[in-house]
Each structure stands twice: as C-alpha cells, then as structure tokens.
Amino acid sequence: MTIPQDTRKDELRNLAAKIQDAVENYAQGKAKNSSDIIKLCQDLQYRSESPEVFAERLRYQPLDICALMIAVEGGILQALSSRGDDTTADQLAELTNRPRLHIVRVLRLLTAIGVCDEIGFQLYRANDKTPVVASKGQIGGFRVCSIPACAITTNIAEYFSKYPNETTAEGAPRSAYSYTYGKDMYDYLRENKDRKADFDAYMEARKKDKQRRWHHVYPVMSELASNGDVSATTIVDVGGSRGHDLESFLESNPEFNGSLILQDLPETVEPIMGEKRVFKAMAHDFFRPQPIKGARLYLLLAVLHNWEDAECGIILRNLAEAMKPGYSRLLVSGMLVPEVDAGRLTAELDMQMWLLQHSRQRTKREIEELMGAAGLEIMKIWENGDRESIIEVQAREK
Ligand SMILES: C[S@@+](CC[C@H](N)C(=O)[O-])C[C@H]1O[C@@H](n2cnc3c(N)ncnc32)[C@H](O)[C@@H]1O
C-alpha cells in the first residue's frame with residue numbers, strides 16, 4: 001500500500017502541530033509527564049520514514065544493544081561519565097585499556113542514539129543520559145533483560161517450531177528463556193550470584209525514575225486513617241526485593257513508627273540480613289502460607305506479571321487467608337494493559353514477561369478475574385498513566 005505524497009505531507013504537518021501543542025501543555029505544567037510528546041514524536045518518525053527506511057531501522061536495532069554492552073562492559077561510558085569533562089578517544093583508550101578505534105566506532109553509534117554527545121573530532125562529552133545508562137542498576141537491567149532477549153531471539157524460530165503451543169506440549173520447557181538457558185529465570189538467577197546481584201540492583205534502579213512511587217499514587221497515611229492510626233501498624237512487602245519500596249515509603253512518611261516487614265526469596269534477603277535497615281527482612285516463599293496474619297497493609301508490587309494465572313491464584317489466596325476482612329488491605333502494582341492502543345513500553349514489557357517467564361502483563365478485566373477467584377475484591381484502581389497502577393484490594397468476609 002503506497003501513501004500518496006500529499007496525504008503523507010498533510011499527516012506530517014498534523015503531527016507536527018500536535019507535537020507543538022503537547023510541548024506547550026508540558027511546558028505549562030498541564031501534562032503530568034512527557035509521554036504524549038514521546039508518543040507523537042515516535043509517530044512522526046515512523047510516518048516520516050519510507051517503508052524501506054523503516055525496515056532498515058528495525059533490522060539494525062539489536063546493534064544498539066551490542067554497542068551499549070561493548071561500552072559498559074569495557075568501562076567506556078563509565079569513564080566518560082566520571083570524567084564529567086570533554087574527553088578524547090585517546091584519553092578514553094588510556095583510561096579503559098581499549099583500542100582507540102573500538103572507542104571511536106562504538107561511540108559513533110552511541111552518540112547517534114543519544115547516549116552521549118560527540119562535540120568534535122573524536123571528542124566526547126557525557127550528557128544527562130550517560131551516567132544513568134552507565135549506572136550499576138541500569139547495567140544490571142541490560143544484563144538480565146536485554147541480553148536474554150538477544151539470546152532467546154537467536155533460537156526463537158526453532159523454539160516455536162518445536163513448541164507451537166508452548167507449555168502445553170509434553171516435556172516442554174516453561175518458557176523461551178528456559179529453552180535457551182536450560183532452566184527457569186529465577187532458578188538461573190539463584191545459581192548465578194553475579195546475575196542475581198544485577199537483577200536486584202536493576203529492581204531498585206528502575207524505581208528511581210518513577211515520577212510517582214507506590215506511596216505517591218496511593219496516599220497511605222490518609223487513605224488508611226479511617227480505620228484508626230496507621231502509624232503504629234504493620235506493612236508487609238511481599239516479594240519486595242531488597243526493600244527499596246519500604247525505604248522510600250518511610251523517607252516520605254517519617255511519622256510512621258509501626259513495623260515494616262520485607263519478604264523475599266532467601267537468596268535475595270540473606271545478603272542484607274546483617275545490615276541495619278528500617279525494615280525487618282525475612283525469607284518467605286509466597287507460594288507458601290503467609291506467616292504474618294492480619295497486617296494493616298500487604299504490598300505485592302510488580303510480582304503478578306511474573307506468574308501464570310494458576311500461580312497468581314496461589315500467591316493471592318495465601319494473602320487472602322492472612323488478611324483480616326474489613327481491616328487489612330492489599331496493594332497490587334502492575335501495568336494495566338489497555339484493551340486497545342497499548343503503548344510501546346507496555347507491549348514490550350508484556351513480550352518480555354512472555355519470553356522470559358511465560359507470564360504476562362494483564363488487562364483490568366484479567367486482574368479482576370484473578371482477584372475474584374482468590375476471594376479478594378477490588379476497592380479502587382489508582383491509575384498511573386502508562387506506569388504501574390495500584391490496585392487496592394480487600395479480603396471478602398469469610
Ligand atoms: C519483579 S521483582 C519485583 C520486586 C519489587 N516488589 C519491586 O517492585 O521492585 C519480583 C520479586 O519477587 C521475588 N520472588 C520470586 N519468586 C518468589 C517467591 N517464590 N517467593 C517470594 N519472592 C519471590 C523476586 O526475588 C523479586 O524480588
């Protein structure tokens with residue numbers, strides 16, 4: 001299908017005008033974030049490209065990740081970032097012990113995609129993105145998300161030809177990840193301490209850019225006040241990684257002097273057991289009965305998307321059993337997939353869950369079904385745009 005030139009030009013003019021409006025809204029503080037601008041700019045790019053240029057861009061996209069990994073594993077971006085000054089390729093070569101030509105070639109691509117700036121002949125400068133991309137947590141994310149996605153891609157055709165219906169086949173691996181790595185993701189992480197540390201660092205880092213963290217989306221102290229003073233109650237973060245969500249809650253609500261309990265797998269919590277933290281850490285498998293009964297608040301943040309429906313059912317029933325009806329609340333965070341017109345990030349995260357863990361991001365209707373089947377009822381959904389929303393849940397009377 002070929003689009004007539006005049007129609008294409010009109011489309012581009014329309015989009016450019018919409019971008020102008022979106023920028024104005026953002027500049028005047030009428031838009032919460034820049035997501036409209038990003039979406040419109042992406043549309044403008046796609047529609048400006050001829051189909052061949054469009055295909056060409058898709059074809060070479062994996063090389064962005066390849067260049068990025070050469071740069072971060074070789075310490076090139078870290079060196080550029082920590083100098084904080086104009087830096088030549090020769091200086092970077094000396095700092096990183098890498099051939100100058102490698103640096104020039106890798107940074108040629110990374111400057112073209114905005115990771116850092118090229119300000120002259122073989123002369124570079126970090127921009128606002130560079131230190132974040134070169135940080136421990138983000139590098140962890142590239143290692144545990146992007147690298148597996150690339151590895152899975154190498155044999156994706158073979159996997160789907162062997163298992164067209166995936167896990168329903170006899171002896172099928174749980175996911176494309178399990179097919180590629182020979183084990184499920186959390187088993188792989190348990191056996192590979194460096195990758196597990198990457199995963200945990202990434203879990204924390206990905207929360208840093210949240211314009212609205214869980215306790216901003218759900219104002220805990222005022223919402224729960226109707227049932228007595230919240231400050232002396234118990235909050236349990238189930239599958240809470242190394243406790244970053246409890247720590248940030250307390251930073252924002254220093255008047256809370258109740259009990260904060262972190263639960264996660266032994267390999268997650270054991271490294272921090274001896275440390276002085278604002279919460280009590282305990283190893284707990286959420287597929288087993290919840291040992292803390294009748295807490296005021298249970299958190300289940302970014303957990304359900306890791307699991308299939310039957311597994312989510314077990315996790316939720318264990319919580320429903322522990323909750324005191326009319327008193328305990330459960331906050332579940334997750335990206336709600338719109339039934340039409342899901343954004344790119346939502347669709348990408350859904351693909352990631354599918355391929356890495358044979359699980360998925362869910363629509364509001366799917367979440368409602370899961371909750372209902374586990375004896376829980378949704379009180380309110382605290383929407384958070386294209387970020388993780390908070391679903392407030394209570395246990396039904398038994
Ligand atoms: C996607 S992470 C989310 C972490 C954290 N809640 C957050 O939002 O940043 C899922 C967490 O579930 C933990 N997890 C996986 N299996 C578990 C299990 N069987 N019992 C308890 N925690 C588990 C993982 O170790 C990981 O910390």
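Q: Which residues line the second largest pocket?
A: Met-1, Thr-2, Ile-3, Gln-5, Arg-8, Glu-11, Tyr-46, Arg-47, Glu-49, Ser-50, Pro-51 and Phe-54 line the second largest pocket, each having an atom within 4 Å of one of its points. This is a predicted model, in which local features need pLDDT of at least 70, side-chain atom pairs count only at pLDDT 80 or more, and totals for chains, interfaces and linings use all residues. Residues are numbered from 1 along each chain as its sequence is written, and side-chain values use heavy atoms, without hydrogens and water.

Q: Which helices each supply at least two residues of this lining?
A: They are α1 (5–27), α2 (35–48) and α3 (51–60), helices being DSSP runs of H or I with at least four residues, numbered from the N terminus. The largest share, three residues, comes from α1.

Q: Why are the buried residues of α5 said to be on the same side of the helix?
A: In α5 (residues 76–83), Ile-76, Leu-77, Ala-79 and Leu-80 are buried, that is, under 20% relative accessible area with a 1.4 Å probe and protein chains only. They cover an arc of only 160 degrees, which puts them on the same side of α5; the arc is that of the directions from the helix axis to the C-beta atoms.

Q: What makes β2 and β3 paired strands?
A: Strands are DSSP runs of E with at least two residues, and pairing requires at least two bridges found by DSSP. Four bridges join β2 to β3 (residues 123–126), so the two strands meet the requirement for pairing. They run antiparallel, and Asp-117 stands opposite Arg-125 in β3.

Q: Why is one side of β1 and of β2 left without a neighbour in the sheet?
A: The open sheet has the order β1-β3-β2. β1 (87–88) and β2 (116–120) stand at its edges, each with a single partner strand, so one side of each has no neighbour there.

Technical notes. Buried means under 20% relative accessible area, exposed over 50%, partly exposed in between (1.4 Å probe, protein chains only). On a 1 Å grid over the protein atoms alone, a cavity is a set of points where a 1.4 Å probe fits but cannot get out, and a pocket is an open set with protein on both sides within 12 Å along at least five of seven lines; lining residues have an atom within 4 Å of a point.
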